[in-house]
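Hi everyone, thanks for coming. Let me put a structure up on the screen, and then I'll talk about its pockets.

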Amino acid sequence: MAIIDVNNTRIAKLGEYLETILEELNDKYRKINADFLGIEVNNYSLDKIPTASIVEPYITGGGLYRDVYSFRSRNAYSSDRLSNLKNIGFFEEFQKIINSNNEEGILPDIENIESIECLNPGTFNYADKSMKTAVFDIQLQITYEEE
């Protein structure tokens with residue numbers, strides 16, 4: 001059985017890329033987890049969503065593939081309108097940066113990556129009023145070629 005270099009996986013490389021964006025948007029963020037969202041504020045998780053991965057098979061073999069991820073965050077939450085607008089504003093800025101980077105060719109360090117895009121503008125999922133936090137998420141898609 002081959003030993004997998006987890007630091008060289010697409011999800012790890014995507015996480016590194018997203019951390020550079022988080023440094024710009026939120027200096028209080030903690031490292032991005034994989035398939036785990038902590039209970040503290042400013043926690044983030046990158047979770048792979050099961051989808052059909054082939055976008056376009058090539059006659060010569062290989063093809064264009066995709067991975068879809070849910071990028072989730074836990075943020076402070078209350079009945080304060082400004083606080084909640086700030087949460088949604090974070091995802092608006094996040095999406096703008098992803099779109100701008102994609103147009104400029106600033107992509108995650110993933111072999112043969114073609115693009116990264118946000119599939120939605122970021123949404124409120126649920127609130128845990130006892131902890132005064134809420135979970136938000138945005139779906140991301142990367143497309144890449146494989147031989």
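Predicted model: local features only at pLDDT ≥ 70, side-chain atom pairs only at ≥ 80, totals over all residues.

Residues are numbered from 1 along each chain as its sequence is written, and side-chain values use heavy atoms, with hydrogens and water left out.

What do I mean by a pocket? On a 1 Å grid over the protein atoms alone, with a 1.4 Å probe, it's an open set of points with protein on both sides within 12 Å along at least five of seven lines, and lining residues have an atom within 4 Å of a point. Volume is the space filled by probe spheres set on the points, which are joined across faces, edges and corners.

Okay, the largest pocket comes in at about 280 Å³. Twelve residues line it, and closest to its centre are Asn26, Asn42, Asn75, Lys86 and Asn87. Two elements, β4 (63-76) and α2 (81-104), each give two or more residues to that lining. Helices are DSSP runs of H or I with at least four residues, strands are runs of E with at least two, and numbering starts from the N terminus. The largest share, four residues, is from α2.

Now the second largest pocket, about 210 Å³. Its lining includes Val6, Glu16, Lys31 and Leu46. Which element gives the most here? That's α1, with five residues.
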